[in-house]
Amino acid sequence: MKMYMFEGTPEEISHVIQTMQPDQQVIAIPVKNTPEQPVPLAAGDGSKFVTFEFARRVLTRIPLSAGVLAVLKKIYEAHPDWASSADLYAASNYTNRQFSGLMGAFGRRMANTPGYDDQANFFEYQWDHTAEAWQWRLPDSVREALEAEHLV
């Protein structure tokens, strides 16, 4: 038995499979990249957030890119409300995929900063089932570090 995995629209996948093996049956398995249950990481739910000192080290270890700075400012300005992912895409002028890369790079920045605690979060976030997107907020420790470094 051979198994192939393709990503694309149903029409694109059907065309590829019919071209490769015109006599084979195609079974589509829908994939959903959204959490089934709410995944809140917000103050008061027992989540652990970075300390003020660690947040300052993350923010100053190497210069922040314009995209990261725009995202941090947008989340900061939304306080006490949440900033939507769409707001952050617009603020950074990044697509969804580019934004994912930006956040991955920010995670590497954190992981390579002395004192990194992989159980402490830099952001508060929650899944918005209505918009089917993440919402973002900053814990007080990060807000204070941004203010102390005059980044907002």
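**Entry 1: His150**

I began with His150, which counts as exposed at 69% relative accessibility; I use buried for under 20% relative accessible area, exposed for over 50%, and partly exposed for in between, with a 1.4 Å probe and protein chains only. I am working on a predicted model, where local features need pLDDT of at least 70 and side-chain atom pairs count only at pLDDT 80 or more, while totals for chains, interfaces and linings use all residues. My residue numbers run from 1 along each chain as its sequence is written, and side-chain values use heavy atoms, with hydrogens and water left out.

I then looked up the backbone of His150 and found a positive phi, near 55°, in a residue other than glycine. His150 sits in the segment after H6. My helices (H or I, at least four residues) and strands (E, at least two) are DSSP runs, numbered from the N terminus.

**Entry 2: two more backbone notes**

I keep in mind that most residues other than glycine have a negative phi, and that most peptide bonds are trans.

Asn93 is not a glycine either, yet I read a positive phi of about 60° there. I place Asn93 in the loop between helix H4 (85-92) and helix H5 (96-111). Is Asn93 buried or exposed? Asn93 is exposed, because its relative accessible area is 67%.

I also found a cis peptide bond between His79 and Pro80, with omega about 5°. Pro80 belongs to the loop between H3 and strand E1 (83-84).

**Entry 3: H2 against H6**

Next I turned to the helix pair. At what angle do the axes of H2 and H6 cross? I get roughly 50° for H2 and helix H6 (residues 140-148), with the axes coming within 8 Å. That makes H2 oblique to H6. My axes are lines fitted to C-alpha atoms, for helices over the stretch in contact, and angles run from 0 to 180 degrees between N-to-C directions. I call angles under 35 degrees roughly parallel, over 145 roughly antiparallel, 65 to 115 roughly perpendicular and the rest oblique.

On the H2 side I listed Phe52, Ala55, Arg56 and Leu59, and on the H6 side Ser141, Val142, Glu144, Ala145, Leu146 and Ala148. Contact here means heavy atoms within 4.5 Å.

Within H6, I marked Ser141, Val142, Arg143, Ala145 and Leu146 as buried. The buried residues of H6 pack against H2 and also helix H3 (66-78).

**Entry 4: Ala55**

I zoomed in on Ala55 in helix H2 (residues 52-60). Ala55 is buried, since its relative accessible area is 0%. Leaving aside residues up to four places away in sequence, Ala55 touches Val50, Phe122, Ser141, Val142 and Ala145. I also noted that Ala55 and Arg143 lie 88 residues apart in sequence and 9.0 Å apart in space, C-alpha to C-alpha.

**Entry 5: Gln135**

Last, I visited Gln135 in strand E3 (residues 133-137). Gln135 counts as buried because its relative accessibility is 18%. Which side chains make polar contacts with that of Gln135? I found Gln126 at 2.6 Å and Asp128 at 3.3 Å. A polar contact is a pair of N or O atoms within 3.5 Å; within protein, one must be able to donate a hydrogen and the other to accept it, and residues adjacent in sequence count only if both atoms are side-chain atoms. Beyond residues up to four places away in sequence, Gln135 touches several others, among them Trp82, Ala83, Ser84 and Tyr125.
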